[in-house]
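Student: Could you take a close look at one residue in this model with me, and then at a pair of helices?

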Amino acid sequence: MNGSELNELPDDSELLDPYVSSLRRRALQTRELSAVRSFSDGFLLKFLRARDFDVELSLKLLVNYQQWRKESPEISGCLSPSSVLGLLNTTYHAVLPQRDHTGSRVLIYRIGQWNPKDWSAFQVFRVSLMTSEIISTEIETQRRGVKAIFDLQGWTLGHALQINPSLARKISSVLSFSPLQIHMHGADFHKALSKFFSPTILPPEYGGEGPGIEEACQDWTNQLLQSETLLQQIASHPTADIAITPDESYLRGNRD
């Protein structure tokens, strides 16, 4: 079976076992990962799915992820939605309730809602990391990936000054974990977005017919808050199996 076919199999398929075992063996033998003593199957499968079960490429991605966490404790060590609740309540960020036509998750970032006098770029980026960690537990997202809409209306010099070279490197390192396509759109972005996304999933503010952007932002804020315990677990033990609590039961449906 090729990588695409393997990606369609459930996590408990015996056909995936050789790939998981091979990646675990390679990871435990890798010098850069020597501080990690164990890797759960679920954790390894995230990297295998992201690279279509190519063990070498999956290992490289895993090393990069662990290295980034080690070098960025100010971001990765505090995955607490309640610590940035004020920022989330500005309706800065949403994950749309419906996937696009390819099955990808669709994220929206409204840069103009971020007041750089109140919230640092590190805190803003921490929101992105929390979202990334949550949706990466979803098998369908592991298979189909993520697309993001960055709404730059309201971008100011104050925002730009927050992005120093050190933070820019950290952000670029995370973005390199998955293929990234960037499309620039002008004032007529409603029409332009319709070429990439079905109107049925987009908020009306972006030319769509789905729930309003403020509702979508609030819904995702609520889901992040429900995931506080899970995110703390990931921050402390990122390579372990996750334990979904009753408050996080919405994730069970999204994982399949």
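Tutor: Leu202 is buried, because its relative accessible area is 1%; buried means under 20%, exposed over 50% and partly exposed in between, with a 1.4 Å probe and protein chains only. This is a predicted model, where local features need pLDDT of at least 70, side-chain atom pairs count only at pLDDT 80 or more, and totals for chains, interfaces and linings use all residues. Residues are numbered from 1 along each chain as its sequence is written, and side-chain values use heavy atoms, with hydrogens and water left out.

Leu202 sits in the loop between helix H11 (189–193) and helix H12 (213–226); helices are DSSP runs of H or I, at least four residues, numbered from the N terminus. Leaving aside residues up to four places away in sequence, Leu202 touches Leu96, Ile149, Leu193, Phe197, Gly208, Glu209 and Gly210, where contact means heavy atoms within 4.5 Å. The C-alpha atoms of Leu202 and Arg99 are separated by 9.9 Å, although these residues lie 103 residues apart along the chain.

Now for the helix pair. The axes of H3 (residues 41–50) and H4 (residues 55–71) come within 8 Å and cross at roughly 120°; axes are lines fitted to C-alpha atoms over the stretch in contact, and angles run from 0 to 180 degrees between N-to-C directions. H3 and H4 are therefore oblique to each other, since angles under 35 degrees count as roughly parallel, over 145 as roughly antiparallel, 65 to 115 as roughly perpendicular and the rest as oblique. Phe43, Leu44, Phe47, Leu48 and Ala50 in H3 meet residues in H4 including Val55, Leu61 and Tyr65.

Technical notes. Helices (H or I, at least four residues) and strands (E, at least two) are DSSP runs, numbered from the N terminus.
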